[in-house]
Structure formats: structure tokens, C-alpha cells
Amino acid sequence: MANPKTKNVIDVYSWPTPNGHKIHIMLEECGYRLNRDWIAHPIDIGAGDQFAPAFLKISPNNKIPAIVDPNGQDGKPIS
Ligand SMILES: N[C@@H](CCC(=O)N[C@@H](CS)C(=O)NCC(=O)O)C(=O)O
């Protein structure tokens, strides 16, 4: 069962590169707050984390940043 405290939280998969930071900045500029509205999941692209099968399900082209919004169309998660 979904945790009611985290069911609306956006999962952000990123790394502190300019492309990674732009999603962090966008979320904060839009009023989404870290650890309240979004959670950071580090993907160390120097270590090859972007090729992990679990991450490739979210980002098939092995690129960060990627997000999972739990409230996509019809209330289903979308990445
Ligand atoms: N079009 C993407 C580009 C994302 C991108 O190039 N990400 C790089 C890091 S900045 C990446 O994930 N590289 C890992 C790889 O190619 O294996 C965007 O605008 O965010």
C-alpha cells in the first residue's frame, strides 16, 4: 500500500552536472521542495549507475536527469 506521506512525491534521478542541476533548479523555482515534494536519487554517471537495469526502466537512453511523477495520466506513474 502506498505511503500517504510520500504518494505524491516526485522521484528525481540525477547527478550534479549542469543537465542534472537544471531539473533541481526547475523544481525549486516551481515551488517544489526537496524532501517534501521531490526526492533526489543519485545516479553516479562516472561509476556507470546509468546503465543499471532498474535505471534503464526509467530512462531507456541511460541519461540523467529523469523523473518519475506518481500522478501521471489516469493516476498512473509516468517517467
Ligand atoms: N537531453 C538531455 C541530455 C542529458 C544528458 O546528456 N545527460 C548526461 C549527463 S549531463 C548523461 O546522462 N550522460 C550519461 C551517459 O550518456 O552515459 C537533457 O537535456 O537533459
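This is a short tour of the structure, one selection at a time.

Before you start, note that this is a predicted model: local features need pLDDT of at least 70, side-chain atom pairs count only at pLDDT 80 or more, and totals for chains, interfaces and linings use all residues. Residues are numbered from 1 along each chain as its sequence is written.

**Stop 1: the sheet.** Select residues 10–14, which form strand E1. Helices (H or I, at least four residues) and strands (E, at least two) are DSSP runs, numbered from the N terminus. Strands pair if DSSP finds at least two bridges between them. E1 and E2 are parallel, with five bridges. To see a facing pair, pick Asp11, which stands opposite Ile39 in E2.

**Stop 2: the helix across it.** Two residues are in contact if their C-beta atoms, placed from the backbone, lie within 7 Å.

**Stop 3: Ile43.** Move to the loop between E2 and helix H2 (53–58), where you will find Ile43. Is Ile43 buried or exposed? Ile43 counts as buried because it has 24 C-beta neighbours inside 10 Å. The rule is that a residue is buried if 20 or more other C-beta atoms lie within 10 Å of its own, exposed if 12 or fewer, and partly exposed in between, with C-beta atoms placed from the backbone. Leaving aside neighbours within four places in sequence, the contacts of Ile43 include Tyr13, Phe55 and Ile64.

**Stop 4: the core.** Select Val12, Tyr13, Trp38, Ile43, Ile64 and Ala66 together, the six residues of the largest nonpolar core. Such a core is a set of buried Ala, Val, Leu, Ile, Met, Phe, Trp, Tyr and Cys residues joined through C-beta atoms within 7 Å. In soluble globular proteins, nonpolar side chains tend to be buried together.

**Stop 5: Val68.** Finish in strand E3 with Val68. Val68 counts as partly exposed because it has 18 C-beta neighbours inside 10 Å. Beyond four places in sequence, Val68 is in contact with Ile10, Asp11, Ile58, Pro77 and Ser79.
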